[in-house]
Every structure is written in structure tokens, then in C-alpha cells.
Amino acid sequence: MEAFKHLIDTLSKPTILVSFTFLIFFFIFPPTDWFEKWHRRLKFDGLWSVKSFWIISVLLVGFFVIGLSDSDFRAIMLKPDNVPIAGLIFLVFFFTWLSMNQAYNNDKLIEAGQPVDEQYDAPNDKVLVWPDLVYVELITIVLFSAFMLVWSIGLPAPLEEPANPSESPNPAKAPWYFLGLQEMLVYFDPWMAGVVLPSLIIVGLMAIPYLDNVKEGSGYYSFKDRKLSIAIFMFGWLVLWNLLIVIGTVLRGPNWNFFGPFEFWDSHKVEALTNINLSEFVYVKGMSTGLPGNILLREIWGIILLLGYFMILPPLLAKTWLKNLFERLGVARYSLFIVLILAALTLPIKMYLRWMFNLKYIISIPEYFFNF
Amino acid sequence: MSELNEEKQSVTVPPASPPPAALGKTDDGSQVTRRTFFSWLSIGWIAFVAATGGFFTMMLRFFFPNVLFEPVQTFRAGFPEDYQVGEVDLRWKSKYGTWIVRNGEGIYALSTTCTHLGCTPNWLTAEQKFKCPCHGSGFRKTGINFEGPAPRPLERYRIVLSDDGQIIVDKTKKYQQEKGQWGDPEAFLKV
């Protein structure tokens, strides 16, 4: 039992957990034919069968039941604030499974030359608003209200001491749906993680209908026709959003240090995390000189790196790896697409730079409130 | 359902109404000319802008209240002897948001606002650092940021001695290390 808890704690170390997720993710949601070949070879396509659903559900429930015997795990998971996260883990799995199961079924139907499951059959599929829809809505409202009532009585909102600006709770956690953003704030300047990147998320979601001009797979679930779209969306949704929420809830403890799910929240846990900027890497560590007084000279390496990332990398990719995509999307769509993708990828890149090299900022100009 | 459909089909189309008289021919003496129309339009717009402008001017007044229910920005912090060398003093933290630190050479007043997103860090004596519970920023005793995302050091407040020998901390004047202001004689009280 202790060995199992220790194993989970070790696997929950951010480097291991996130690396493992990244490694396995694109074999579960293959974006290209090469990945799909391995996806089938590694039998990941069986993940969306009914049998797998029951196996994974039983494993998940089993993990929670066994885990709740541990007092530290219980303290985290049964906190009224965190109960939705346990629900989120099950719900996200259930709906991902449901949609992927439907997509795989449709893929089989298309292959067999039959109409997809959602094919609209004009007179037979017609349903009346009254009473069919309105009744369902009414029943849903009643059941949901009853559920919310029971929940709010069973797990009441905690009544805490009056707010005090000079005492921040330790750890001070955002509401659960913002924990992904809070995790982002650990790696970026507040302007970036609080304003620029959230705006880009909204702009990116709005741009999907413009960027995704593939006609196949529109109006019904399918995977084969939209591998790339599904892989990209699922990466953003499951990894960069939900995984970060779970990390923020379960793994972040006092002083915003990382803790395993079965680890005691010791507020005196010492983590040596001396972070340095890229300029200090180059000048102090690399050249063994002091930082130049001129801001531009000091930050020139970071600026070159960032400009290269956003301006030289896209045309380079368009000529090599993403040649087909570039030809299909055209210049305008491709530019928007690649800038959004690269901006989203700055988050995992900066997470790794922080964990591996203690790198704080690539460009750091605190004099003018600009840090990246 | 089937009844409804049958009913719909049985409705006869009413005969088309006679076409309206030619437009613009309603000449009854009250015709609005282009000039009158634009005069009224301008008057309307000017009135609208004046009303909104007046409203927002009045709203601006709310940014300058007559009474501020805040602790004063300048306070007396006792005598230099009240502070131990090498210790971070927490006695003014909750009331004035200030840590007073004394080292071998003198005394300085640190702001308790994290430079990342404004939470209040905790002083961890065992580790000799300020640690923010919100995103994990860490600051040394001097206020220099060294871990987590905080982009710049904690700010220091103006600190001087009054005539009676007491320390005066003035929070309206801030000194930022990244701007080279910590060398200012009033950012550090030599004792």
C-alpha cells in the first residue's frame, strides 16, 4: 500500500506526469497517418470500446476508493471546493469516451459505405418542440435543481474569517475553473498569463470555423476525417486546460510547492528554486561577465529568440513539415493557425524551461513592465 | 398533427391589397426638408453628447471621495532600538502593509505586496525568505526576487528619522530596485 502511494507520488512529479502525458497523448489522439499507424499497433483504438469504458471506470473508482483511505488524499479530495474536480475527472473521461466511441462507430459505418449514425432522415427523425423537447427540459430543470439543493446542503460553502489583505491564505487557490490560468501565471508575467494568453484562447476558439475548412466530418462525429483538428483541440482541452486544473487542485500545496496526492502538506517543505532570466544565463553563466547596463543589449538574445520563434519558424515549417497543411490552408489561414499554435505551445515550453533549467523569463524588462 | 397540416392547406390565399400610393407624394404642407432634418439631428446629437458628458463628469467625482477609510500613508514606527539586528519585523504588517528589516548597517521598510500579482507573501524564518502563497514567488530578506514568477524585487518605502528620534515610514514614496532607486539615502536608514 505504502509502495503504491509512493509510486503515485513519484509519478505525480510535474516533470514525469507532464512528460508522460505529452509522450502518450499523440498516440491516443493521432494527428497524422504515422501516429495513427502506431495508434493501431499499440492497440489504443480499443480505448473507445464499451469494454475499455468499464475497465477504466472501475480502475478510476477503485483508485478513489483506495485513495480515500489515506488521510492526506482525503483532506484534498473531500474539501468541498475540490469535490467538483473528482466529478470533473469522471465527466471529462465519460464525455471524451462517448464522443470518441461514436466517432469510431461512424468511421466503421463510412468504411462499410453506410450512412452515419447522425444522418438526418427527414420525416422519421422529426420531433415536436411541444411536448417532446419542453418536457425533457422541464424534467432536467427539476432534477438539476434538486441535485444542486442537496449538494449545497450536503457540502456547504465554508464560512471563513473576514477577508484581510495582509493575510493571504496558504495556498491561495483560485476557483477550480481558473486553476489552469493560475498554473499559467506561475510561468508567465501577469500581463501575459492574465490578459494576452486568455484573449488568445478566446480568439483561437472563435477562429476555429475559419481555420478548419475541411468539409468532411461536419455535422456528425468522426475521427478519420478530422484527425488533426481533434488532436489539436483535445491537446488544448484535455492537457492544457483540464490537466492543469487537476494539477492545481491536487498537486499544489502550501507556498505553491508541488506535493504528491498522498504527500503531507508540509508548509515548511524546502524547495530550492532559484530562478534566473535568459540574460543572466547568457552573460553571467555563459560569458562570466556582469549584465550590460543597456536594456536592449541585455535582452537582445531573448528578443532574437522570440522573433525567431514567431517569425522565422512559421515559414520554415511551411516549407518542410507542414507543407501539405500550408498548401491546403493558404497564407492567411496558415499564418493565423501557426501563430495561435505557437502561442499555445509557449506554455508547455516555459513549464519545461522552468522545471529543467529554472529559467524565469526569456525577455525580462521589469523597468517597462514587459516580461515574457 | 395531421389535422393541423390539413387546416394549413385549406387556408385560401387572400387577394392582394391594392398597391400603396406612390411614395413621397404625401404633400400636406408638413414636409421635412433635408436642412431641417439635419438641424434637428445635430441638436439631438449635441444634447446626447452633453448629457452623457455631464453624467461621466459627475461619475468622475466618485473617484475622489471626501473621506478615505484607509490607514494613514505615513506612520511612526518607534525607535531604531526597537528593532533587532538581522530580524524581519512583522508588527506593522497587518496595519500598514510594511515589513521593517534591520541589518548590520541600518533599517529599511519593505512593501508586503508581491510584485507578481499582489498577494501578501509570508516571512518564513527557518528559510529566511518571503514566500508568496499564490504563485510561489520567493524574495530574500533584502526584498530581491529569486524564485517563482515575480518579475522584480519588493518595493521599499521612504524611511527617515523624525526630530524626536522615531522612525517615520512614508508609503507614498516608493523605491524600486530595478530602477536603481535603492541607493537613495531615504530608501535606507543608516543607524
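**Exercise 1. Contacts along the chain**

Task: In this predicted model, what share of the contacts in chain B between residues at least 6 apart in sequence joins residues at least 24 apart?

Solution. Start with chain B. Take the contacts between residues at least 6 apart in sequence; 42% of them join residues at least 24 apart.

**Exercise 2. Elements and burial**

Solution. Step one: count the elements. Chain B has three helices and 11 strands. Read from the N terminus, their order is α-α-β-β-α-β-β-β-β-β-β-β-β-β. Chain A has 13 helices and two strands.

Step two: look at burial. A residue is buried if 20 or more other C-beta atoms lie within 10 Å of its own. In chain B, 26% of the 191 residues count as buried. In chain A, buried residues make up 19% of 372.

Along the principal axes, its C-alpha atoms fill a box of roughly 80 × 55 × 45 Å.

**Exercise 3. Two helix pairs**

Task: At what angle do α6(A) and α10(A) pack, and which residues meet? Repeat the analysis for α9(A) and α13(A).

Solution. Two numbers come first. Packed helices are described by the angle between their axes and the distance between the axes.

Take the first pair. Helix α6 (residues 83-111) of chain A packs against α10(A) at about 155°, and the axes are 11 Å apart. Angles over 145 degrees count as roughly antiparallel. Therefore α6(A) and α10(A) are roughly antiparallel to each other. Their crossing is left-handed.

Now the residues. From α6(A) come I85(A), L88(A), I89(A) and V92(A); they meet N242(A), I245(A), V246(A) and T249(A) of α10(A). This contact has six nonpolar, two polar and no charged residues.

Take the second pair. The axes of α9(A) and helix α13 (residues 323-357) of chain A cross at roughly 145° and come within 11 Å. This crossing is left-handed. On the α9(A) side are L200(A), G204(A), A207(A) and L211(A); on the α13(A) side are R333(A), L336(A), F337(A), L340(A) and A343(A). The classes are seven nonpolar, one polar and one charged.

**Exercise 4. Where the chains meet**

Task: How many residues of chain A are in contact with chain B, and which element gives the largest share of the chain A side?

Solution. Count both sides. The contact joins 30 residues of chain A to 25 residues of chain B. On the chain A side, α8(A) gives the largest share, four residues. Sort that side by class: 15 are nonpolar, 12 polar and three charged.

**Exercise 5. Backbone exceptions**

Task: Which peptide bond to P131(A) is cis, and which to P171(A)? Are K43(A) and S288(A) buried or exposed?

Solution. Recall the rule. Most peptide bonds are trans, and most residues other than glycine have a negative phi.

Cis bonds come first. One joins W130(A) and P131(A), with omega about 5°. P131(A) lies in helix α7 (residues 129-154) of chain A. Another joins N170(A) and P171(A), with omega about -5°. P171(A) sits in the loop between α7 and α8 of chain A.

Then phi. K43(A) is not a glycine, yet its phi is about 65°. K43(A) is in the loop between α3 (33-41) and α4 (50-67) of chain A. K43(A) counts as exposed because it has 9 C-beta neighbours inside 10 Å. S288(A), also not a glycine, has a phi of about 55°. S288(A) is in the loop between α11 and α12 (295-319) of chain A. With 7 C-beta neighbours inside 10 Å, S288(A) is exposed.

Terms used:
Residues are numbered from 1 along each chain as its sequence is written. Chains are lettered from A and ligands numbered from 1 in the order in which they are written. This is a predicted model: local features need pLDDT of at least 70, side-chain atom pairs count only at pLDDT 80 or more; totals for chains, interfaces and linings use all residues. A residue is buried if 20 or more other C-beta atoms lie within 10 Å of its own, exposed if 12 or fewer, and partly exposed in between; C-beta atoms are placed from the backbone. Two residues are in contact if their C-beta atoms, placed from the backbone, lie within 7 Å. Ala, Val, Leu, Ile, Met, Phe, Trp, Tyr, Cys and Pro count as nonpolar, Asp, Glu, Lys and Arg as charged, and the others, Gly among them, as polar. Axes are lines fitted to C-alpha atoms, for helices over the stretch in contact, and angles run from 0 to 180 degrees between N-to-C directions. Angles under 35 degrees count as roughly parallel, over 145 as roughly antiparallel, 65 to 115 as roughly perpendicular and the rest as oblique. A crossing is left-handed if the near helix is turned anticlockwise from the far one by less than a right angle, and right-handed if clockwise.
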